[in-house]
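Notebook open, structure loaded. I want to look up a few charged pairs and some strand neighbours.

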Amino acid sequence: WIFRNNTFYRNGRRYVVRTGVRTDPALIITRGTGNQVYNNIVYDNWAGILVGLGASDTLVANNTVYGNDVYGINVDNAYSGSLNARVVNNIVWNNGGTNIRDIATGTRIEANLTTDPRFVDVTAMPAPDFRLMPGSPAIDMGLSLMEVVQDFVGTRRPQGAAFDIGAFEYTAATPMPDAGVPPPDGGIASGCAEEFGHVAGF
C-alpha cells in the first residue's frame, strides 16, 4: 500500500466496541512488505502513525505529524512487530507522550525534526497552515528519497540544496493546499490510500 498526500484529523479519540471503549491511531500500518507512508498531514488525533503487527520494510517519510494526544510516530514490536522500517524526513512535533517511539527491530530513524519547525500558522484551527516559514530548520535538511519526488501540493523536490523535512517543500510562493482543509467534525471521507484525501473522525 501507498498512503500519500492525505490529511488525517481528529481520528481515534474514543469509540465503543463490544468489549468497551477503544482508542486507535489515525493511521495503522500492519503486515505486508514495502508499504509507503509519505507526504501526509496527521494532526489533532488520539495518536499519529503506528507501524507494527508484522509490517516489514515500511517507509514513513516526509510526513507532518503535529499535536496528536499520545504520540507522533510509533514503530512497535507487538504481535510480530515491525521489521526494518525507515522513518525519514518527518516533522514530528508537539505530540503528547513522545514524538517518535521505536521498540522494533532494524528501524532506521534519520533526518527527522522534533523541535519547532516554524510553520506558517498552526493556530488556524481546524485548518492550520503547515507550510514552512523562511528560515525554518526543516529547509534543506532532509535526505534524498527516490520515492518522494514531489511534496503535498505537487512541488518538485528538492527546491534548494537538499530535500526539506515534512510534507511541504519550501518555496517563496508555495500555494495554499486546498487538500489540507479537513471536512467538518464528525464527517468521514475516504481516500486514505490515494492522493489528496481527507480522513476526519468523530
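How exposed is Arg101, going by its relative accessibility? I looked it up: Arg101 has 32% relative accessibility and so counts as partly exposed. I kept in mind that this is a predicted model.

**Entry 1, Arg101 and its partner.** I checked who Arg101 pairs with, and found a salt bridge to Asp76, with the closest N and O atoms 3.0 Å apart. Arg101 is in strand 14 (residues 98-102), while Asp76 sits in the loop between strand 11 (71-75) and strand 12 (86-88), so the bridge ties together parts that are 25 residues apart in sequence. Asp76 comes out at 15% relative accessibility and is therefore buried, the cut-off being under 20%.

My count by the distance rule is six salt bridges. I noted down Arg10 with Asp44, which meet at 2.8 Å, N to O. This pair also links distant parts of the chain, 34 residues apart: Arg10 is in the loop between strand 2 (6-9) and strand 3 (15-17), Asp44 in the loop between strand 7 (41-43) and strand 8 (49-52). Arg10 is partly exposed at 28%, whereas Asp44 is buried at 14%.

As background, side chains of opposite charge can pair when their charged atoms come close.

Which way do the residues of strand 8 point? I see Ile49 and Val51 on one side and Leu50 and Gly52 on the other, and all of them are buried. That made me recall that side chains in a regular strand alternate between the two faces of the sheet.

Next I looked at the neighbours. Strand 5 (residues 27-30) pairs with strand 8 in the parallel sense over four bridges, and Ile28 has Leu50 as its bridge partner there. Strand 8 also pairs with strand 11, again parallel, over three bridges. For that pairing I wrote down Ile49, whose bridge partner in strand 11 is Ile73.

Is Ala161 buried or exposed? I get a relative accessible area of 75%, so Ala161 is exposed, the cut-off being over 50%. Ala161 is placed in the loop between strand 17 (129-132) and strand 18 (197-200). I also checked Ala161 against Ile139: they are 22 residues apart in sequence and 9.0 Å apart in space, C-alpha to C-alpha.

Conventions
Residues numbered from 1 in each chain as written. Predicted model: local features only at pLDDT ≥ 70, side-chain atom pairs only at ≥ 80, totals over all residues. Heavy atoms only, no water. Helix = DSSP H or I, 4+ residues; strand = E, 2+ residues; numbered from the N terminus. Buried < 20%, exposed > 50% of the residue type's maximum accessible area, 1.4 Å probe, protein only. Salt bridge = Lys/Arg side-chain N within 4 Å of Asp/Glu carboxyl O. Pairing = 2+ DSSP bridges.
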